[in-house]
Amino acid sequence: MKDYYYGACLYPEHWNKEVFIRDVQHMKQLNMNVTRIGEFIWSLLEPEEGKYDFQILIDSLNILKEYEMNVIVGIPTPTPPRWMTYKNDDRLVKNEFNQTLIHGSRQHVCTNNAFFRKKANQLASKIAEVIRDYDHIIGIQLDNEFKAHTDLCICDSCVKLWGKWLEREYKDIERLNDAWGTNIWSESYRSFEEVVPPATTPFLHNLSLKNAYRKFTEEQLVEFVGEQVEAIREHCIFPITHNSALGFNIDNYRIFDQLDFASFDTYASSDNYSAYTLNLDFWRNMKSNGDFMLLETSTSHGGHSNSYGIPHPENYLQTEVFLNYAAGSRTFNYWHFRRHRNGCEQPHSAVVTPVGEPDISYRDVKKAGSLFTEIKPLLEKSTFERPDVAVIYSDRAKRYFLNEPSKNYDYRSEMTKLYTSLLNKGITVDVIPEQNDFLKYNCIFVPYLHHVSEDLLEKITHFVNQGGTCIIGPMTGDRTEEHSWPSENGLSKLGKWLGINNFIQTEAKGIDIYGKAFGENEKLSGLSSFLTPPKNSNILGVGTSGITKNRVYSFEKSIEKGKVIYLGAVAEDLFSSIQWNRLIDTYLIKHNEQIELEIEVGIVKYIRKTVDGKTQIWMANMQADRKKYNLKNSHQIIWTNHKDNFSSNELNPFECRIIELDKEEIKLQT
Amino acid sequence: MKDYYYGACLYPEHWNKEVFIRDVQHMKQLNMNVTRIGEFIWSLLEPEEGKYDFQILIDSLNILKEYEMNVIVGIPTPTPPRWMTYKNDDRLVKNEFNQTLIHGSRQHVCTNNAFFRKKANQLASKIAEVIRDYDHIIGIQLDNEFKAHTDLCICDSCVKLWGKWLEREYKDIERLNDAWGTNIWSESYRSFEEVVPPATTPFLHNLSLKNAYRKFTEEQLVEFVGEQVEAIREHCIFPITHNSALGFNIDNYRIFDQLDFASFDTYASSDNYSAYTLNLDFWRNMKSNGDFMLLETSTSHGGHSNSYGIPHPENYLQTEVFLNYAAGSRTFNYWHFRRHRNGCEQPHSAVVTPVGEPDISYRDVKKAGSLFTEIKPLLEKSTFERPDVAVIYSDRAKRYFLNEPSKNYDYRSEMTKLYTSLLNKGITVDVIPEQNDFLKYNCIFVPYLHHVSEDLLEKITHFVNQGGTCIIGPMTGDRTEEHSWPSENGLSKLGKWLGINNFIQTEAKGIDIYGKAFGENEKLSGLSSFLTPPKNSNILGVGTSGITKNRVYSFEKSIEKGKVIYLGAVAEDLFSSIQWNRLIDTYLIKHNEQIELEIEVGIVKYIRKTVDGKTQIWMANMQADRKKYNLKNSHQIIWTNHKDNFSSNELNPFECRIIELDKEEIKLQT
Amino acid sequence: MKDYYYGACLYPEHWNKEVFIRDVQHMKQLNMNVTRIGEFIWSLLEPEEGKYDFQILIDSLNILKEYEMNVIVGIPTPTPPRWMTYKNDDRLVKNEFNQTLIHGSRQHVCTNNAFFRKKANQLASKIAEVIRDYDHIIGIQLDNEFKAHTDLCICDSCVKLWGKWLEREYKDIERLNDAWGTNIWSESYRSFEEVVPPATTPFLHNLSLKNAYRKFTEEQLVEFVGEQVEAIREHCIFPITHNSALGFNIDNYRIFDQLDFASFDTYASSDNYSAYTLNLDFWRNMKSNGDFMLLETSTSHGGHSNSYGIPHPENYLQTEVFLNYAAGSRTFNYWHFRRHRNGCEQPHSAVVTPVGEPDISYRDVKKAGSLFTEIKPLLEKSTFERPDVAVIYSDRAKRYFLNEPSKNYDYRSEMTKLYTSLLNKGITVDVIPEQNDFLKYNCIFVPYLHHVSEDLLEKITHFVNQGGTCIIGPMTGDRTEEHSWPSENGLSKLGKWLGINNFIQTEAKGIDIYGKAFGENEKLSGLSSFLTPPKNSNILGVGTSGITKNRVYSFEKSIEKGKVIYLGAVAEDLFSSIQWNRLIDTYLIKHNEQIELEIEVGIVKYIRKTVDGKTQIWMANMQADRKKYNLKNSHQIIWTNHKDNFSSNELNPFECRIIELDKEEIKLQT
């Protein structure tokens, strides 16, 4: 069985050895058992091109070994030394607006530059060789938050690779011209090298071109990850990961497909706590082995020279730590132990101040350390219990939204709203990549996924045929792989399967478009789709006003053993929408756990199964006022962090609690 | 007599022949009799430099001929093929911010580039030759919405031409230095080639330079239009037009002066319907022959990858179609018949969806086709009756506002507000270029025209001498041709004619500047002018507070048979201002038609005269609730699109109605 | 004794000699006795490189001499002629965003360019030679508002000098690397020429680099000023000044240290009148001789092509003129006498319009001329009486805020708020550079000064030891000279002196952080600091909620004869904060003048001492409604500009008044 970790990042490159040792000792006192080092130290490891010096890494690892501190070692590719770019501006990232981004922070070198690749892979290989024999290393982290600061690059290296990539994808330039519809506006190309990158143009680029450039960018990064893994594997077998995050434009599934476990960073503020748990529910599902870690989060608040973060309220941190483990993560790791004295992140909170005194959240960090120590035995005797409902969160889906930016919809925001509306009702879900196995669930929700691939459709139909319930929409299935309209029925093969026609789509924001569903007439919002449903379907939602009057936007259809719900539009405010809530009540709740639990908004819970077959509810109140819950199953409170002052059916502000049901509940389906 | 047309744009380059034929057949069923093709197909007509292939044009024209569909053929200069710019970045537009705009959308090539001109003119000539014998062609459209996506260009071609243009304009560099006052800030130039374009400078450019660069830009485009006309006229005599629009920075008058009829595009949303009728009232007056067409408008909503448009409410479209013809336009043409499957305009509504099924407004398009068929006989038996009032809308005036951007006033917005305040009161006006004939009107309104040219002043004085009423202001006459202060009295020759002195000007926004006019004391707004009026004048408006107390901002003066009203400032909100309304009532209403008609806001009407001398009022309710009107003249309702359910003195939401007066009304003046 | 001046700027380069003479005559009629000329006339003085012609300067000076008009002569370095940059783009400023800023306005040439320096210094020398014998010249003005339109420049000249400057500063590259902490993110440099300028980078630059680049930029300008002074001093001894302003990023102290008197420009609008008096209270203290002038202010409103200014209310101008002299300034000079006919500043108000007629504020200018004439004898018989309280306003402090921009705090805004809160309470203060002598005051306030240098700390400790009261904070002392965290206790040597530890800092905006001080519990704001105070201190402010509960943010400590108040945080709204007001009442009022005067907000007063030892209060009401005051000392009103209508204990709107106390008041301390 794998172990659980609690710790913080250390920067031996920034402090002398004495301070480093003092901090490691301090960490031990705070019940910490893990650290992460090295993700930015390239200039120390290779101070001149080809001249290596691994002393700082070896020294640090030796000290950490001495103090029995587990460690994750970073490959410092996000910060190439000055020699990489001095008098070599061509190696720098050039963004869509033709700005060349210089040395001085991070990620300024294009990861598609051949010289960079060569040096980065050499470095990874050499680090792997140096660290191979340290048994307190629990993982290697590639880079740091890929694409945290850059998005598309149009440097000369990229533009050349782009032509070659297109050639591999489309073989024949006429196939590309056809697929992209380049006859519109005489955009057509005579050869692959003629194809422009999405740099500034008088109006707007072809969506297929934008979509392809993002795919190209994603895939080049996946390729780089593959090269790094290969370079490391020349010398060692430590599990490899990367600390990703929801905000960046990469293909997480394909990146982690090459890695051994998932890791993530999050800096959600306390008033946005659902963004925190969304991370837990998403990254848990990134790898089929379920293995994931939280590698960076603040003790109190983020902050850099252009933005001072807002601190967490007192005691909030403990709910984050508690839920992290409850949700299946093996690690909770602060960024960072000691505040940076220099650089641009001086306003970022840490465990201790630059002089080593307690920083603002020190009291909470200490309590969290105790909490970790107390719940660890309980964690080890139980496993996370997968929920029955999965919501697809897809980097491919996100790409379509990135292609249509400006004042249009933002994928992450819409998904977070949808997720939060479920969380608020006490529904625990898995948030999964579209590539994952569906058969583990009773209900699959597929929202905001403009393009449903043939693979995905096949999985959906198989899932439904086997008895699953699938909710499709809003904004799902209406575009092709090339970000164009389908050539048939508006939903292509999905539409054929559903049996729809007369598909139309319109923006519902800013005009009174009403629709009635589940008995309630409400103002609709978003890019809304209406259609003629198949004959053998139950109509769920119908337009009630003006242009959309009597047009259907939602229906339910039974197919073999299961059913599919098509959802063409939703009400303006998911949180207050009655039709939305009734939809969820109808299709989601009843497929969820058989635990009869009602909660007030603010409480987050996860179900765990003990090794001896008992069901536990791990719950925390993430808000600053008392919250009630009502659990009908007979149960006992077996642990709380408010030992002196807790009441049944109510959580104190930021209280964490573990409840065990008296007997195993029967679940209808696995 | 010319014919009336109703139709939609087709894209044979985007769909196969089968779809194209099906769409043409479908159009016929919808009572359509016109289409537009070809405005972007350069890459198909000239796939390699100098290698031409007109098959798509010939095929399309043949099919359209077979189905007796009239056609407007585009010259596809806005979309040069990739060979034009590949490895020739110097042909690309470079905007004021030094951004070079690449291939991938439209208008990326500078129309002042010599190579572009040569190729564009060759192309136009060849197209003309190919199409010369098709008798179903009703017009040729140059380019597409000149300057829709670009404004000033500072590419090398432009900068060189700029020096030469200046030399032609000023002859001697010292004349330029004097005219621009370049001794300010040591800006002075020793030769024409030294003169900078208005690229980014630490503070602000000389207004005369900015003004000259805009004039230069306008005139180069006029020159290009002339070259295109010449190239086409080598081979054919079809009437030539261009689809312009109010949003772009060009000299419409001089462009259309070289063309045969006016055309325009508009995508005004329904909540901004006065912007739609402003187009009708403006473009009708662009050519002295009164011939104009609406070549592009949406069936429901615009939309592109960066903005999803808001759909029209149901039945709104019919009011647009009805008023279009009532106001004198010969054509109403949708953009476009079938939604684009690819490209960046996928969210733009059309008649049918990409799969050919009815799009969101199909029901309305169908009704509009019936409406067109029904009113066509009535249109053919009547002619538009020119109103008595004209408001000058001048691209020259707009230039002065463009020279002073940022948070200052926007010409189009101010003009639209002013126009709307008249429309709301039921006053129909001609909106005319300053070059038009004034003697057709009783009253000329000259607002927001900073520079009154000597030609214009001569026309105004002649008009007033002959008995006309002229309202001058606000913000009129206070700058020279070079965008500087006049060298005498603040209003130059206009001021001399009016007999004013002690002219001062101040911004009234953000401070309490009150003025009393027509018995009402109100807060003033805008760049406001005060002066000492001539002795023999009636004072209309006087400042009442602080710095402007007792200063005159408006007066009326009789000159020979007519009168002039000077208006130095207006109240903050034209719609609610009592002094504004009284000014209009005093000078405009009584000069308007002698039809005793009162309307509620939302009703728009045009007067038409039948061939047998009767007066008709064509009116439509452009809002979603019932609107009353009160017509004192004895009359009959001779047509409505609400046949089953209409009441006298009231229009249903979006109802269109034709009323005929029982006897010819006597008008006081022509 | 030096004289007092009242006047306006003239532009002989823009108007012919006749107009120039007429304007000078007109100025005399308005009681004006000074003008400023020549600050932009380089192209007339050196029309071709090396070809000089000083006729315009000589002619203008002769005319002014004839009319006995005193004059300040500008050195026109902000506007290099076209020959300087034509085909020499490398001499242009290139801003942080890589934009090269072209000819066409002002300050487009980099003042660090060697060719510019040579030509600018030659020009200054030659002007000095030409004007040396004119005895009506009262001063020479260098350039015009240094850095008004530009900030950091990264042109090739700058980047080269930057490397050299760093080498002089740090000697050894490893010292730089250590000082900046460049091991963070592998930023480290191997040589000085490798160090990047702060151009666009993917994320954020190291704060030490940003800070150093600003210091470098400041010092290069100081160097240029030194060269200019040297060039002028070859030929003449006229006092040299520069018209600076609060908005620009320069080191005023070091610039004026090389000049003979201070000058400033201000265009504060009337609703922001405290910004006007802040200028008076600041620039008075720029030179130890106290000599300063107001060289530019509007008669009514600013304005340029991108922004139309809001006019002053009637009579407001007189309060500006009156307070200017009362506060110790010797000159009040309008920009400008006659509105520019051309260029981009046409909307800027002046004394007369471009045609020479009275401009909008002419009545006020005339009254102000009379006021000046009336108060001049009183000015000559009295001197400004230094207040007991000084607030440090430091360009060094500002630099730290510029390093951390975006939505963070703005130094000038925060300082203006703080200053205004004092002004509103009737507390007159000196606003002083940190280099000034403290021993003249009873109380020194040191807010928003992130870095307290060793020199400054020494001055503070000496001041306190001698019996002074020093208030330190908010946001003071928490960063090093390199803009990093101190290496000990969070406040470095300041902290050691105070005896604090456990220093933490957090943003208080956006979260409920409350603190209680002076008996009042209030929401705190800003970047707030908490700490463990020394044992022998009085605790003044303590956090009362959540994470900051029981943490101290303010304390008072007696040290030798004086006391220091540390202020780690302030309430959200200084104007309404009770704890802020009580702090001021406790430490500031009682150290201020012994005049028992209470005022309503809107009244501004200065104390002057007559040559025969009497105390005068010069006060003006800067707001548009009547304001009360209560003066307990027995006194007489000896002058007012509302002679016909004034009442004791109340000022009319915009009234100016001089009160003389009946007997000399005893002050506790000098």
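Predicted model: local features only at pLDDT ≥ 70, side-chain atom pairs only at ≥ 80, totals over all residues.
Residues are numbered from 1 along each chain as its sequence is written, and chains are lettered from A and ligands numbered from 1 in the order in which they are written. Local features need pLDDT of at least 70 and side-chain atom pairs count only at pLDDT 80 or more, while totals for chains, interfaces and linings use all residues.

## Chain A as a whole

Chain A contains 17 helices and 30 strands. Helices (H or I, at least four residues) and strands (E, at least two) are DSSP runs, numbered from the N terminus. Along the principal axes, the C-alpha atoms of chain A fill a box of roughly 75 × 70 × 40 Å. The radius of gyration of chain A is 26 Å, which agrees with the value near 26 Å for a compact globule of 670 residues. That radius is taken over C-alpha atoms, and the globule rule is 2.2 Å times the number of residues to the power 0.38.

Of the 670 residues of chain A, 60% count as buried. A residue is buried if 20 or more other C-beta atoms lie within 10 Å of its own, exposed if 12 or fewer, and partly exposed in between, with C-beta atoms placed from the backbone. Two residues are in contact if their C-beta atoms, placed from the backbone, lie within 7 Å. Among the contacts in chain A with a separation of 6 or more, 73% are between residues 24 or more positions apart.

## Domains

Chain A is divided into domain 1 (265-380), domain 2 (389-591) and domain 3 (597-661); these bounds come from an automatic or database domain assignment. Between domain 1 of chain A and domain 2 of chain A, the C-alpha centres lie 34 Å apart. Where these two domains of chain A meet, eight residues of domain 1 are in contact with 11 residues of domain 2. The domain 1 side of this contact in chain A has four nonpolar residues, three polar and one charged. Here Ala, Val, Leu, Ile, Met, Phe, Trp, Tyr, Cys and Pro count as nonpolar, Asp, Glu, Lys and Arg as charged, and the others, Gly among them, as polar.

An unreviewed UniProt entry carries the annotation "domain: Beta-galactosidase trimerisation" over residues 388-576 of chain A. UniProt positions are given in the numbering used here, feature names are shortened, and annotations may be inferred rather than shown by experiment. Over residues 388-576, chain A is 22% helix and 32% strand, and the end C-alpha atoms are 24 Å apart.

## Annotated active site

UniProt (unreviewed entry) places the feature "active site" at A:Glu145 and A:Glu296. Although spread over 152 residues of sequence, they cluster in space, with a largest C-alpha distance of 10.2 Å. A:Glu145 is in the loop between strand 4 (137-142) and helix 6 (156-170) of chain A, whereas A:Glu296 is in strand 7 (residues 292-297) of chain A.

Leaving aside neighbours within four places in sequence, the contacts of A:Glu145 include A:Asn243 and A:Asp265. With residues up to four places away in sequence not counted, A:Glu296 also touches A:Asn243 and A:Asp265, and its other contacts include A:Cys9 and A:Trp335.

| Residue | Other C-beta atoms within 10 Å | Class |
|---|---|---|
| A:Glu145 | 21 atoms | buried |
| A:Glu296 | 23 atoms | buried |
| C:Met475 | 25 atoms | buried |

## Backbone details

Phi of C:Asp143 is near 45°, a positive value in a residue other than glycine. C:Asp143 sits in the loop between strand 4 (137-142) and helix 6 (156-170) of chain C. For C:Met475, also a residue other than glycine, phi is positive, near 60°. C:Met475 belongs to the loop between strand 15 (469-472) and helix 16 (492-498) of chain C.

A:Trp335 and A:His336 are joined by a cis peptide bond, with omega about 5°. A:His336 lies in the loop between strand 10 (331-334) and helix 12 (362-380) of chain A. Another cis peptide bond joins B:Gly473 and B:Pro474, with omega about 0°.

## Copies and their contact

The contact between chain C and chain A takes 47 residues from chain C and 51 residues from chain A. On the side of chain C that touches chain A, helix 8 (207-233) and strand 16 (501-507) of chain C are the elements that give two or more residues. Strand 16 of chain C gives the most, with six residues. By class, this side of chain C has 18 nonpolar, 22 polar and seven charged residues.
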